[in-house]
Amino acid sequence: MNKVPLTVKGAEKLRAELEELKSVVRPRIIASIATARAHGDLKENAEYHAAKEQQSFAEGRISEIEGKLSNAQIIDITKVDANGKVVFGATVEIEDIEAERRVTYQIVGEDEANIKEGRISIGSPIARALIGKEVEDVVTVKAPGGNVDYEIISIEYI
């Protein structure tokens with residue numbers, strides 16, 4: 001299986017969620033199932049079925065996170081020698097040349113991407129266009145509304 005790139009922060013966030021699921025959520029669900037079982041007939045026990053559904057979801061999420069972490073290639077951007085180029089994990093400020101609008105994005109793995117927080121997936125059209133470029137380079141991104149030209153204003157490795 002291919003290694004999936006993940007930033008250090010992304011890996012920490014997944015580990016924290018995994019710990020929460022294992023140490024808090026799982027025991028709470030087990031207690032809910034035990035309480036529901038004590039109420040008697042399980043066939044028509046809504047609390048029992050709801051708790052079992054929660055258990056199924058939590059166990060699935062635990063498996064999913066463990067799989068992601070085992071296949072992750074964790075990249076610490078502060079230790080990468082990028083020579084001034086845009087690389088995975090870099091934070092890039094770009095300007096839409098036509099609209100004269102600036103935005104800042106961090107290039108992250110698919111699981112970490114959140115456009116509202118300024119994190120875009122390495123597989124996104126903007127990130128693919130930016131990778132390997134330097135400050136003052138102009139890149140053209142094929143967008144649904146047509147091509148958009150961006151100038152790279154700054155690159156940070158934080």
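Me: In which strand is the place of Asp96?

Reply: Strands are DSSP runs of E with at least two residues, helices are runs of H or I with at least four, and both are numbered from the N terminus; here Asp96 has its place in strand β3, residues 91-96. This is a predicted model, in which local features need pLDDT of at least 70 and side-chain atom pairs count only at pLDDT 80 or more, while totals for chains, interfaces and linings use all residues. Residues are numbered from 1 along each chain as its sequence is written, and side-chain values use heavy atoms, with hydrogens and water left out.

Me: Which side chain of opposite charge is nearest to Asp96?

Reply: Side chains of opposite charge can pair when their charged atoms come close. A salt bridge requires a side-chain nitrogen of Lys or Arg within 4 Å of a carboxyl oxygen of Asp or Glu, where Lys and Arg count as positive, Asp and Glu as negative, and His and the chain ends are not counted. Asp96 is buried and has no salt bridge, the nearest such side chain being Arg101 at 4.7 Å; buried means under 20% relative accessible area, exposed over 50%, and partly exposed in between, with a 1.4 Å probe and protein chains only.

Me: How many salt bridges does a search of the whole structure find?

Reply: The search finds eleven. In one of them, Arg26 and Glu59 meet through their side chains at 2.8 Å, N to O; because Arg26 belongs to helix α1 and Glu59 to helix α2, this pair ties together parts 33 residues apart in sequence. Arg26 is partly exposed, at 27% relative accessible area, and Glu59 is likewise partly exposed, at 28%.

Me: Which residues of α2 are buried, and against what do they pack?

Reply: The buried residues of α2 are Tyr48, Ala51, Ala58, Arg61, Ile62, Ile65 and Leu69, and they pack against β1 (4-7), α1 (8-38) and β2 (72-75). The expected span of a helix is 1.5 Å times one less than its number of residues, so the 25 residues of α2 (46-70) should span 36 Å, in agreement with the 36 Å between its end C-alpha atoms.

Me: Which residues touch the most other members of the largest nonpolar core?

Reply: A nonpolar core is a set of buried Ala, Val, Leu, Ile, Met, Phe, Trp, Tyr and Cys residues joined through side-chain atoms within 4.5 Å. The largest one has 18 residues, among which Val92, Ile94, Ile126 and Leu130 touch the most other members. A second, separate core of 16 residues includes Leu14, Leu18, Leu21 and Leu69.

Conventions:
Contact means heavy atoms within 4.5 Å.
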